[in-house]
There are 2 protein chains.
Amino acid sequence: MGSLSSLLWALWYVLPAYFANASPVLVGGGRPIDGGRTWRDGRRLLGDGKTWRGLAGGVTIGTLVGVLQYYITPGYYGSLKTAVLLAFLLSFGALIGDLTGSFIKRRVNLPRGAPAVGLDQLGFLISALAFAYPVKTVSSGQMLFLLLFTPFVHWGANYLAYRMGWKSVPW
Amino acid sequence: MGSLSSLLWALWYVLPAYFANASPVLVGGGRPIDGGRTWRDGRRLLGDGKTWRGLAGGVTIGTLVGVLQYYITPGYYGSLKTAVLLAFLLSFGALIGDLTGSFIKRRVNLPRGAPAVGLDQLGFLISALAFAYPVKTVSSGQMLFLLLFTPFVHWGANYLAYRMGWKSVPW
């Protein structure tokens, strides 16, 4: 699926999505996005775990990561505007994927915080890649690498957050 | 993510994987691949749902679909050998992805047949795309389309199989 350098570029490309996906653990809390509303199945639309502060914080942190990335590798992005737009779309896409995942989890009646193996590790990634696609994408080999590698990053990061006491469950 | 024709070609490309993933429902049964063995957590390696007959039947059906595809669109494959190899790798990859999914589900203690939202719909697809990658791949836009569209195909096919009485659960 490509040389080592092409795999590292793939991780560099997607980095804002990783930060956006991880940051609600640290900056989250506050008012839930669904405002307590329920779906027609009587269950919560998204649940208390998805908050406006987590969404705004995740998009902000992910976009700032993109600004930093531009100053480290300006040639990869071409312009600051492209870097910021790409990082915003990767971050916003990651969080929309996460919210969609929560919506699906509530519909199949998984409680808040319960794991959905696959959806948790891949939903945010696929959504981020799709949102960012019109601005800049990666090769199909790089995309496959990200799909295969991200679950390990996700599990590693969540286990770390659990050991640091930032999360109450290790997933 | 591309024109309608490019999206239809993406579905044509991945078709053997869909057939391979669906066929154990019809041709499965028989001796479990794990032979009843357990992992160090005391739980089954894969479970009774994953059998040699399902694996062999899925690979056979998926590869035969590739032969048919060659005779319908020979120009897309270039040679019968490429079409057969591609279909074999897509089918084998899909079933390895499915077995890996079962292994993971047993480790997180989901019973046989319990759904893992995301893993069930995407694991077989990502594995199929990765196995087939060295022979022939699709563009990153086509790959994103397959990642976003396949869960709907999967749910639709499973619901159909349930209504036809081939499966005892609608997932």
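A: A salt bridge is a side-chain nitrogen of Lys or Arg within 4 Å of a carboxyl oxygen of Asp or Glu. The model discussed here is predicted.

The side of chain A that touches chain B has 16 nonpolar residues, five polar residues and no charged residues. A salt bridge needs Lys or Arg on one side and Asp or Glu on the other. Between the two chains there are, however, four residue pairs in polar contact, with both residues at pLDDT 80 or more.

Two helices of chain A, α6 (119-132) and α7 (140-163), each supply at least two residues of the side that touches chain B. The largest share, six residues, comes from α7(A).

The extent of the meeting can be stated in two ways. In terms of contact, 21 residues of chain A touch 21 residues of chain B. In terms of area, chain A and chain B bury about 1800 Å² between them, and 85% of this lies on carbon and sulfur atoms. On the side of chain A, the residues that lose the most area to chain B are A:Val117, A:Ile126 and A:Leu144, which together account for 31% of what that side buries.

The arrangement of the copies is described by a rotation. Chain A is superposed on chain B by a rotation of 180 degrees with 0.0 Å of shift along its axis, at an RMSD of 0.0 Å. This is the relation of a two-fold axis. Of the interface residues of chain A, 100% are also interface residues in chain B, so the copies meet through the same surface.

A:Asp34 is buried at 1% relative accessibility, while A:Arg44 is partly exposed at 21%. Another salt bridge, of 2.6 Å from N to O, connects the side chains of A:Asp41 and A:Arg107. This pair links distant parts of the chain, 66 residues apart, with A:Asp41 in the loop between α2 and α3 of chain A and A:Arg107 in helix α5 (residues 80-107) of chain A.

How values were computed. Residues are numbered from 1 along each chain as its sequence is written. Chains are lettered from A and ligands numbered from 1 in the order in which they are written. This is a predicted model: local features need pLDDT of at least 70, side-chain atom pairs count only at pLDDT 80 or more; totals for chains, interfaces and linings use all residues. Side-chain values use heavy atoms; hydrogens and water are left out. Copies are superposed by least squares on the C-alpha atoms of residues with pLDDT of at least 70 in both. Contact means heavy atoms within 4.5 Å. Buried area is the accessible area (1.4 Å probe) that two parts lose on being put together, summed over both. A polar contact is a pair of N or O atoms within 3.5 Å; within protein, one must be able to donate a hydrogen and the other to accept it, and residues adjacent in sequence count only if both atoms are side-chain atoms. Helices (H or I, at least four residues) and strands (E, at least two) are DSSP runs, numbered from the N terminus. Ala, Val, Leu, Ile, Met, Phe, Trp, Tyr, Cys and Pro count as nonpolar, Asp, Glu, Lys and Arg as charged, and the others, Gly among them, as polar. Buried means under 20% relative accessible area, exposed over 50%, partly exposed in between (1.4 Å probe, protein chains only).
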